[in-house]
Amino acid sequence: MSNSLSKIEKRTAYALTLPAVLIVFAIVLFPIFSNVWISFKEVQLKDIRIPEPRAKKIVKSVKNEDSKIKIIYKLRNSSLIQDIRDVKFQDKFPNNVQPVDLDERCNFISNKVQCNFGDWSKKYREQFVIFFETKNGEKIDKKQFKLNKTKLKGKADNILLTSDFTLLNFKKVFTNYEFKDLLLTTFYYTFFGTVGAIVFGILSAQMVNQNFRGRSFIRSTLLFPYVAPVVALAFTWELLLDPNSGTLNNLLLNYNIIDKPINLLGQKYVSIFVFGFEFKLRLALTTVIIFEIWRYFPLAFLFILARLQAVPKELYEAADIDGAGPYTKFINITLPQITAVISILFMIRFIWNFNKFEDIFLLTGGASGTRTLPINVYEQGFSIGDIGMGSAVSIVIVLLLLFFMLIYFKLIGKRANES
Amino acid sequence: MRVKSIITFSIISSFFLFSLVSIWKILSTLQGIELKTLNFNFYFLSGIIISCVSIFLGKKLNKLSIVIILSSVFVLIDYFINSSLPIWHYIGTFLILLFFVNKLSKYNKKNFSYNFSVQIIFFDFLTLFGIIFFSFVILFPFYLMLVTSFKTQALLLINPLDFSIDFTQNIKSLFKSYIIVFTEYNFGKYMLNSSIVSIGTVIITLLLGIPAAYAVARLNFFGKHFLSTSILIIYMFPAIVLVIPLYTVFSQLGLRNSVFGLLIIYTATTLPVAIYMLQGYFKSIPKELEEAGIMDGQNWFGIIVKIILPLSLPAIASVALYVFMIAWNEFLFSLMFLDSPSSFTLSRAIQFLNVGAETPRQYLMAGSVVVTLPILFIFVYFEKYLVSGLTSGSVKG
């Protein structure tokens, strides 16, 4: 009895989860694995269409012969790089006509011309002509010939399914002189974006955790950048930072704080002199990181605030009795209470900043030293059009991500054991 | 001790005054007023004078009179320094001063003899400063977005700092950018597409996610543990690593350029988080209720519809809102999968406007307002649900 019940339970469970599992498998897991497959292939963006035979039909009347008509088919292989095998052709014609000197590859049966064109090599082109005449010498009706659509069939390999593999993509990824720079940029962006967001999150949460009027208003306002669509925010920031007509530059010029506009999103380096030493700051990258912090500190704020509100008031009261000042209280009570949240936040944000694509893409498009790994996937795959390379970079991302996740779950597991 | 505290106090408070006045000046400058300097020295000095006066005279005069006198004197000096500014600027300055001196009047000589008075003052002002700083920094881009949509490109090129809106014109010319965005740029259609995609995603995600989450939360089956851990892992993979294979496969299947294809992708990418959030909630529902349901002869469908659903409406609402937000704001997939303007979503349409021929910026910003307003409205209106969605689904962002 219990056995059959558990069987029913199992069956129900599979029925309930199957649709969700299938769709996630098809759209998320399958692509991750097929990245591996594609990354070992040389595929260009223009090759992913499966090659097909095409024909353009032109109907022409023949001079001085009313009963005859000339039909030209411009045949071609749509692919510039792949062959098509076993091309078959078929076209239907009106009842009262017959072909004259039909090509030997074809035959005419019951008003249909059927041809076997055999194999077409890549870039194949042919001008194929058929003459028709009416059986009884009547005047031919041109219109009727245009009615039918030509049918063409052929077999071609799907370039994604062939079995030629190459290591070239990975070789290119790792030997590219930019790869080190790419990793470094990604690391800067991820690390400083994460740390900045958390620092601002702590500051704002500490603030909002006090009692003042308009507190709930401030709380919702602080979440606006996180909730609003990236596209709108990125374009607003572009207008704000534009070197010529941007608000920020014009304000700074107006107050004589700078004497010429700064191209905050388009300048790779800016020199800063500190105590006579020259530092090169990556300007565009810094701006992008600031946008990142602006957009994601609300999340850190939300988490830390929730934790702060759960800190027992008695701790602070006890500290007051001991005569501790605000600074001591912050360091010795508040910070230890939120370290757990901060470390989890750090891991989550680190992984997500590492994955971030839209923000940089919309602000700079990856120019002026802001190209991170995700931007590079897009650049390789769709700007340059090398799908194989794009997939190879995706694989690098996935591997690094798995490494980060391993650390993340280890840390979480440790925390779970401790508490 | 006291002298040191008083000096720190006056310096900190004058910094605070300076930042308050500066923000007000920046906002005034953006209304097209000629203000060429922030006048740091003057405001800093006045800040120190005001705070000292307020401390030493605080007890001798009554509070109200000191607040009004100090503010008026300050505004008068301000008037002599930059005369010929519109009256509302001075009124604003006066109100800021009232607020500032009112804050100062809470401190008197006694406050400065405590042990940690410097720290307390520092933290007090840091909080005040922080609130103003954060609100300004957060809201400024939104303000800019809104105001730009009411200006014209030509006027902004003449004076990029004049964002004043002419309210005397008739409504039609005031909202011209919005009318054009909806008529010429077809934003009505895009808005419809966005709504269909987002609402469709929410519905399908819930339809598939609720049963799956229930199974993960309650039933025993082989692979349950594997499923519940892999949900989180899958969820952490970014869209960018899915884009190339999906693009190639969807191109070959002819699924690109359709709202339907987008719907499938959004559903698949939001399902893991929906299941993760829902199963957590379902586990907190007492098992006895379902056992009672089983006694009554309900099958799993009955149990989910009659017992689980009514009990977990708040959780479902926050999942729905969260998924809606993700789908509405999504950009990468709509960029990759939509080529023809008839199937654009709002995000894609705005990007298209920006990349295409020189679109005047007021239209771009009007479009941005159109895509931002609904989501902000929903957020403010359903804040409670969305915030809990954000917190529990926050592994993504």
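Helix α17 (residues 346–355) of chain B packs against helix α18 (residues 361–381) of chain B at an angle of about 170 degrees, with the two axes 10 Å apart. Here helices are DSSP runs (H or I, at least four residues), strands are likewise DSSP runs (E, at least two), and both are numbered from the N terminus. Axes are lines fitted to C-alpha atoms, for helices over the stretch in contact, and angles run from 0 to 180 degrees between N-to-C directions. The model is a predicted one, in which local features need pLDDT of at least 70 and side-chain atom pairs count only at pLDDT 80 or more, whereas totals for chains, interfaces and linings use all residues. Residues are numbered from 1 along each chain as its sequence is written, and chains are lettered from A and ligands numbered from 1 in the order in which they are written.

At that angle, α17(B) and α18(B) are therefore roughly antiparallel to each other; this class covers angles over 145 degrees, while those under 35 count as roughly parallel, 65 to 115 as roughly perpendicular and the rest as oblique. From α17(B), the residues B:L346, B:S347, B:A349, B:I350, B:L353 and B:N354 meet B:Y363, B:L364, B:G367, B:S368, B:V370 and B:V371 of α18(B). Two residues are in contact if their C-beta atoms, placed from the backbone, lie within 7 Å. The contact of α17(B) with α18(B) comprises 8 nonpolar residues, 4 polar residues and no charged ones. In this division Ala, Val, Leu, Ile, Met, Phe, Trp, Tyr, Cys and Pro count as nonpolar, Asp, Glu, Lys and Arg as charged, and the others, Gly among them, as polar.

Helix α17(B) also takes part in a contact between the chains. Helix α7 (residues 230–241) of chain A and α17(B) pack at an angle of about 25 degrees, their axes lying 9 Å apart, and α7(A) and α17(B) are therefore roughly parallel to each other. A:V231, A:A232 and A:F235 in α7(A) meet B:S347, B:I350, B:Q351 and B:N354 in α17(B). By class, the residues of this contact are 4 nonpolar, 3 polar and no charged. Across the whole contact between the chains, 86 residues come from chain B and 79 residues from chain A. Helix α5 (residues 117–148) of chain B supplies the largest share of the side of chain B that touches chain A, namely 15 residues. That side of chain B has 58 nonpolar, 24 polar and 4 charged residues.

Helix α12 (residues 259–283) of chain B has 25 residues and reaches 35 Å from its first C-alpha to its last, close to the 36 Å expected at 1.5 Å a residue; the expected span is 1.5 Å times one less than the number of residues. A kink of about 35 degrees lies at B:L271 in α12(B), shortly before the proline B:P272. The bend at a residue is the angle between axes fitted to the seven residues ending there and the seven starting there. Of the 25 residues of α12(B), 18 are buried, so this helix is largely enclosed by the rest of the structure. A residue is buried if 20 or more other C-beta atoms lie within 10 Å of its own, exposed if 12 or fewer, and partly exposed in between, with C-beta atoms placed from the backbone. In chain A, helix α9 (residues 283–309) has 27 residues and reaches 38 Å from its first C-alpha to its last, close to the 39 Å expected. A kink of about 40 degrees lies at A:Y296 in α9(A), shortly before the proline A:P298. Helix α9(A) is mostly covered, with 20 of its 27 residues buried.

Two loop residues of chain A have positive phi. Most residues other than glycine have a negative phi. A:N256, although not a glycine, has a positive phi of about 55 degrees; A:N256 is placed in the loop between α8 (247–254) and β9 (269–274) of chain A. With 10 C-beta neighbours inside 10 Å, A:N256 counts as exposed. Phi of A:S368 is near 45 degrees, and A:S368 is found in the loop between α12 (358–363) and α13 of chain A. A:S368 is buried, with 20 other C-beta atoms within 10 Å.

In chain B, B:G389 is found in helix α19 (residues 383–392) and is buried, with 25 other C-beta atoms within 10 Å. Leaving aside residues up to four places away in sequence, B:G389 touches B:S318, B:V319, B:L321 and B:Y322.
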